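Please keep the sequence and the structure in view while reading.

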Amino acid sequence: MAHRTRTGGTGAGVPRPTAAADDTDRAGPPFADTADFDDARRGFLAPVPRTVTDARGRTVWDLGRYDFLAEADDAAPGTVHPHLWRQGRLTAISGLFEVTGGVHQVRGMDLSNMTLIEGRDGVIVVDPLMSSEVAAAGLALYREHVADRPVSAVIHTHTHVDHFGGVLGVVDPGDVASGGVAIVAPEHFMEHAVSENVLAGPAMVRRGRYFAADAVEPGPAGRVGVGLGLDFSSGQVGLLAPTLDVTRTGQEEVLDGVRFVFHMTPGTEAPAEMNFHLPGSRALCMAENACHTLHNLGTLRGAQVRDARRWSRYLNEAIELFADRSDVVFSSHHWPTWGAEDIRDFLSQQRDVYAYLHDQTVRLMNLGWTGSEIAEDLPMPPGLERAWHARGYYGSVSHDVKAIYQRYMGWFDGNPAHLWQHPPQAQGRLYARAMGGVDALVERAREFSDEGELRFAAELASHAVFADPDREDARELLADVLTRLGHGAECATWRNFYLSGAGELRNGVAPRRIPPAEGIVRALDVTQILDSVAVRINGPRAWEEELCVDLRMADTGERYRAQLSNGALIHHPDPKGGGADLTLTLTRTQLLSVLREGDLEGVEHRGDLGALQRLAALVDGTDPDFPIVTP
């Protein structure tokens with residue numbers, strides 16, 4: 001029977017005190033192996049623009065902020081984990097690169113890569129970055145140094161915004177509507193591309209700012225990237241509906257004379273995702289399913305937990321289908337891998353890391369271990385510990401294990417003492433009372449900090465801040481502890497969370513710098529629009545209100561009903577019978593204007609407009625700047 005240790009190990013890929021960050025991990029990968037640097041520079045053709053601005057002159061991408069990484073040597077400063085410093089230097093290698101004949105990539109102009117595949121007459125753009133300005137600049141770079149070709153098709157490998165948001169920078173919607181340019185994506189692309197941004201969007205964006213550390217200045221003591229890339233661009237986000245759905249593995253399409261063989265991988269890194277193979281180029285695109293990092297199974301910014309078992313099986317399927325027919329594998333992040341042996345090793349180790357995390361978490365879970373216990377002490381196989389690309393710069397062993405546990409068992413660890421715990425502010429006050437006051441609580445936290453027990457020091461100092469948010473000494477102590485934890489973290493997103501929290505304690509909440517994704521809002525269907533209203537109804541204020549509004553969509557002929565009762569907005573298509581307080585006949589665009597601005601111009605209505613006003617009065621706004629490390 002397995003012994004369930006409770007002594008507290010170091011955990012794999014978790015932060016360690018800053019002083020330890022200077023020591024090379026003997027069990028880890030060898031720093032003498034510089035093959036990744038060679039691969040990241042291979043095929044370089046031209047540098048990317050240093051900055052990209054929008055139509056108003058606002059900077060949406062500034063590569064110069066990361067010069068400290070591009071110009072750095074091997075030695076990591078004491079404020080950055082050596083593994084993360086290496087990863088930051090690799091992601092700072094930017095430019096236009098030739099991957100293989102007819103296949104090029106733009107790297108270092110956003111978090112993701114944009115791939116350009118030469119067709120018979122034009123160029124096929126794969127994953128056009130996050131915003132239109134950087135996508136347009138990347139395409140211009142290709143046209144200047146490779147060929148001045150029109151865009152003949154766009155492929156979105158999956159449903160995350162950094163892989164489709166820049167589409168309007170490379171194509172005109174009119175050309176897509178006329179059939180001149182194809183938009184190719186996995187089935188259910190539109191459903192998943194917008195759903196993540198509708199219901200929990202504001203909360204995810206707020207946490208995403210910690211995830212990317214957008215309020216932390218880049219530098220050896222600050223932000224060193226995100227592990228998956230340097231940073232996110234902050235331009236205009238667009239979205240166009242696919243004109244061609246990929247629905248099955250083995251589906252072949254010829255785009256502008258180029259043969260594509262698609263491999264469906266739903267439920268891996270994204271709900272709708274696909275790889276593809278180019279037989280003519282012997283090149284395999286792995287989308288975001290195999291990158292040079294351990295990925296997230298439960299992302300810190302917030303998302304539904306991903307399926308590690310399925311992810312591993314699709315990676316094995318890719319090996320079986322394509323490995324022996326490929327000379328290069330590339331992804332929508334990081335740099336390619338060349339050569340049959342290296343390709344097989346890379347994909348096999350990526351496959352094995354997700355399978356191992358899944359199977360060992362479930363094994364120990366079934367022996368009675370909790371998620372936090374497994375995450376604390378799960379050892380990794382030496383072969384994976386030594387593989388640079390299987391280390392946790394973006395995901396981590398610790399939070400991936402907890403995600404697997406959550407997927408099967410939920411948030412509760414089974415201990416009834418944890419079933420009904422107090423929320424943070426009440427906990428803080430009770431901890432202060434138990435310690436003999438906030439002064440004593442701060443002093444105990446300081447003692448643990450001085451001893452180097454930073455994790456418990458952070459816990460106690462956080463209780464002190466929540467007990468008395470105005471205590472400057474408690475805030476500064478917690479900020480100092482979080483900074484030290486961040487500087488010792490191998491995982492970039494852990495570092496970013498720690499440093500963002502420290503900055504917020506010292507400076508308050510920084511204003512959001514990323515503009516709203518209006519292109520995604522305009523792509524919502526009626527059900528998604530009404531969902532976005534339903535989750536903003538202030539339930540207690542709506543308890544006694546009853547109303548019914550019917551919608552007749554003039555542009556599609558669809559009919560919907562939205563009915564408020566018991567504080568819940570219930571909506572559905574094809575309502576039966578009458579009884580609506582108000583009927584509106586309008587287009588989807590007009591519906592957005594009605595709900596956002598109350599603009600009824602051009603909208604036909606029958607019945608009581610007061611019903612619409614009463615509904616609007618019950619809809620809460622959202623707070624893009626809510627506090628995280630304070631009450």
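A residue is called buried when its relative accessible area is under 20%, exposed when that area is over 50%, and partly exposed in between. By this definition, both F262 and F276 are buried. The model discussed here is a predicted one.

**Aromatic rings**

- The structure contains 14 aromatic pairs.
- One of these pairs is formed by F262 and F276; the ring centres are 6.2 Å apart and the planes stand at 65°, so the pair is edge-to-face.
- F262 belongs to strand β12 (residues 258–264) and F276 to strand β13 (residues 274–278), so the pair ties together parts that are 14 residues apart in sequence.
- F262 and F276 also belong to one aromatic cluster, together with F260 and F330.
- As a general point, a pair of aromatic rings is described by two quantities, the distance of the centres and the angle of the planes.

**Charges over rings**

- The charged end of R42 is placed over the ring of W338, at 4.1 Å from its centre.
- R86 lies over the face of W388, and here the distance to the ring centre is 3.8 Å.

**The largest nonpolar core**

- In soluble globular proteins, nonpolar side chains tend to be buried together.
- The largest nonpolar core of this model has 41 residues.
- The residues with the most contacts inside this core are M109, M114, L116, V151, V154, V170 and V171.
- Several elements give two or more residues to the core, among them the strands β3 (59–62), β6 (114–118), β7 (123–126) and β8 (151–155).
- The helices α2 (67–70), α3 (82–91) and α4 (132–145) likewise give two or more residues each.
- The largest share, 6 residues, comes from α4.

**The surface patch**

- W411, L419 and W420 make up a nonpolar patch on the surface, and their accessible area together is about 520 Å².

**A helix residue: N316**

- N316 is found in helix α8 (residues 308–322).
- Is N316 buried or partly exposed? With a relative accessible area of 28%, N316 is partly exposed.
- N316 and H277 are 39 residues apart along the chain, and their C-alpha atoms are separated by 15 Å.

How values were computed: Residues numbered from 1 in each chain as written. Predicted model: local features only at pLDDT ≥ 70, side-chain atom pairs only at ≥ 80, totals over all residues. Heavy atoms only, no water. Patch = residues over 30% accessible without salt bridge, like charges linked within 9 Å, V, L, I, M, F, W, Y side chains within 5 Å. Areas by Shrake-Rupley, 256 points an atom, 1.4 Å probe, with all protein chains shown as cover. Salt bridge = Lys/Arg side-chain N within 4 Å of Asp/Glu carboxyl O. Phe/Tyr/Trp six-rings, centres within 6.5 Å; stacked < 30°, edge-to-face > 60°. Helix = DSSP H or I, 4+ residues; strand = E, 2+ residues; numbered from the N terminus. Buried < 20%, exposed > 50% of the residue type's maximum accessible area, 1.4 Å probe, protein only. Lys NZ or Arg CZ within 6 Å of the ring centre and 35° of its normal. Core = buried A, V, L, I, M, F, W, Y, C linked by side-chain atoms within 4.5 Å.
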